[in-house]
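Here is a briefing on one protein model.

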Amino acid sequence: MKSNFTALICLILFSACDKGRENSNGNQAFLNIQTSELSEQAESLNPIIPGWFADPTIKKFDGIYYIYATTDNEMLASGAPTVWYSTDFENWYNYTMEIPSLDAVNLRNYWAPDILKGDDGKYYLYFGNCQMGCNIYGYVSDTPVGPWKKLQKDDTPVISHGFPREGFPSLDAQFFKDDDGKIFAYWGTWVHYNGGYAVGELNNKTMNSITKAENIPPAQTPQPFEAPYMLKKGEKYVLMYSGGSCHDETYNVRYSYANSPWGPFTPGANNPVLSTTEDERVHGPGHHSVLQEGNDYYIVYHKHDYPMTRGGLARQICVDELNFKNDSTLLAVKPGSTSLSKLNTSSLPEDVAYNALATATSSYNLEIPDLNYTYSPDKAVDHNNATMWKAASNVLPQSLNVDLGAVYPVKRIATSFEFASYYYQYQIEYSVDGENWNLFADRSDNRTPGSPMLDNGDVEARYLKLTILATEKTGLFSAVWNFKVYSALFEIPLPQLMNKASVNPPASQALREQLIDLDAEGLNAGDTFASVENKGTYGGKFNKEGQVSITEEDGTKVFQFINGALILNKPVPESLAWNGAFTVSAWVKNPEVAQDGECLASWCDRYKFGLANSYNAFFYNSAHYGAAGHLDSHFDMPYKQLPEADKWHHLVLTFDGVTERVYVDGKLDNAQIMTLASQIENAKLIVGSSDAGEGYSGYLASLKFYDRGMEREEIQTLNRESSPFR
């Protein structure tokens, strides 16, 4: 979309991940996985983390495994800086780390972290951030989880944007310590047109600067994209990296090798060594790190979710064996087909809820072209981090009910909600007979995030009921990856770690009403006017700016937009924030459908964060954002069949919190799975233009706005009943 963004912001939006193939519904070819096949993944522990995380770095310090990763599926992978830790490689616990912000901007991006233990016994954390150029910043702590202090008080990056060559984006840094104690950094993203990866030597005294650096010629790492990772096998230096497009099935892991950490590197013999599997259970794997346990190697990487969110926005972390033919030759990784039993040393008591009978007040059924999938309640008790129960809508409260099949002692319940870094307010009740209920845990006032949430008690129960009452963020669903029940307590690693309570109140709930009802009834053609009443429940008036007139077209009084807009004189409703559901319905006639612009309605602030899923608006043009604009072609949604120019059409854009759809004249035109982080603070609800002036240039008979999603039948009814030409 037309905007005033700088070239830097364009980089942040992952705009370079454009080499792969994409289907318009965002699921790409990932449609042949059946629910039964997904459940089989539980045996291999993949994904190993219950949540949306990417770009994993795995380390083992003092007998504890740590996974540092990008928090995904919100604000273009700009979630909280969290770490996962485990002693048995099966049961992982999430902690939100304390990281001081930058002085110039509020720290938001925490991308692709890595960590080192220095010769001084301290821990050094590095991660990428693109708010003031794409830089790598460094922090230090006495523990692997913080609290962290800046390595440079003046916010000087450890690796700055434009180093070692002008314009080079410094992201995806990974550090390698050689046998002689020297520490090397490898970094780079979008390197297929940025001159190849970079390598430099870290000052191992200060740990805060690179003493020298150079680019690795692209020919030495064919088909590169991002995420370099160095390991040493014998006397060979093996530089692994990700190629293809991070948004689709072409993403993969490749490697080259050398006799020196500086290169020159020779491409590996059998690239890629990790890629989308034939059955597509593992889709778009890449951006990895490697764990070495004795003589065994394991590759820890992310893959796309299933069903796949548009543009690969929601990723999950997996682990598989990594094997060598010799020191300079990697064998192809076979996801899910090799044993991880050496890593999994869990001694937890039996989960008595495993595969128990589970029901719920509602379940979300995802039905779009070529895909029908239900987030059913049994998925909360299947020990599979790839699946979850999700309620049918964001209406609260919602309940998950579990029948253990017999009466058991219940002493601990572990609940993994969909988003680990946001709090959920809930209650857990128990019963012996399914009729008389008592309270096991009352978290109705909870404001502390975490995964899993642990609730202890000492009761006898056969039936358990989890009721979700509120969420921290607007539009989040009642959704649970895992609901586990134990008859005995057990030791938790790092019990001193406690997440801080959020200062945010629970999110406002949608009114599920027609907030906006705008038409030209009561006005006369040719009338001059300064404002128009909103007849919807939200009230207020639309003030005219620029050239908007009342005219008669095809026997109906309509608004004609030439170079103007109608702007509501009230704040954007809170129910439209973050992942809030909505439906926008418009009767329009555009004499000429342009390639760009032509915004029918806008209600977000694109400049608040400038990140793809923090913005959404409704368009009528022939571009990639022709129906729904999200600031990035990988997340935008076009019309499959462009509505014909100079004819009246009923256009509807609806989002229920999971699926975004556009209907043309009552028929589904396009759909995609999407998660939003809509920024409405200081935004305006605008009809006939975007916040960047992308004006509509046609006729508008009516516009209606609801703070809920709509199903096909309701949209078809709206199509019939709202027509001005009945």
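The largest cavity is lined by 25 residues, and W52, Y375, M388, K390 and E418 lie nearest its centre. The model is predicted: local features need pLDDT of at least 70, side-chain atom pairs count only at pLDDT 80 or more, and totals for chains, interfaces and linings use all residues. Residues are numbered from 1 along each chain as its sequence is written, and side-chain values use heavy atoms, with hydrogens and water left out.

**Cavities**

- A cavity is a set of points, on a 1 Å grid over the protein atoms alone, where a 1.4 Å probe fits but cannot get out; lining residues have an atom within 4 Å of a point.
- Grid points are joined across faces, edges and corners, and a volume is the space filled by probe spheres set on the points.
- Searching the whole structure gives six cavities of 30 Å³ or more.
- The volume of the largest cavity is about 210 Å³.
- Its lining splits into 14 nonpolar, eight polar and three charged residues.
- Here Ala, Val, Leu, Ile, Met, Phe, Trp, Tyr, Cys and Pro count as nonpolar, Asp, Glu, Lys and Arg as charged, and the others, Gly among them, as polar.

**Cysteines**

- The structure has one disulfide, defined as a pair of cysteine sulfur atoms within 2.5 Å.
- C130 and C134 form the disulfide, with sulfur atoms 2.0 Å apart.
- The link of C130 and C134 is right-handed, with 115° about the S-S bond.
- Both C130 and C134 are buried; buried means under 20% relative accessible area, exposed over 50%, and partly exposed in between, with a 1.4 Å probe and protein chains only.
- Why is C599 not bonded to C604? The closest cysteine sulfur to that of C599 is in C604, 10 Å away, too far for a bond.
- C604 is in no disulfide.
- C599 counts as buried because its relative accessibility is 0%.
- C604 is buried too, with a relative accessible area of 2%.

**Helix 4**

- Helices (H or I, at least four residues) and strands (E, at least two) are DSSP runs, numbered from the N terminus.
- In helix 4, residues 712-721, the buried residues include I715, L718 and N719.
- They cover an arc of only 105° around the axis, so they sit on the same side of helix 4; the arc is that of the directions from the helix axis to the C-beta atoms.
- An α-helix has 3.6 residues a turn, so residues three or four places apart point the same way.
- R720 and E721 are exposed on the other side of helix 4.
- The cover over the buried residues of helix 4 includes strand 35 (582-589), strand 39 (648-655), strand 40 (659-664) and strand 43 (699-706).

Conventions. 1 Å grid on protein atoms, 1.4 Å probe; cavity = no way out; pocket = protein on both sides within 12 Å on 5 of 7 lines; lining within 4 Å. Contact = heavy atoms within 4.5 Å.
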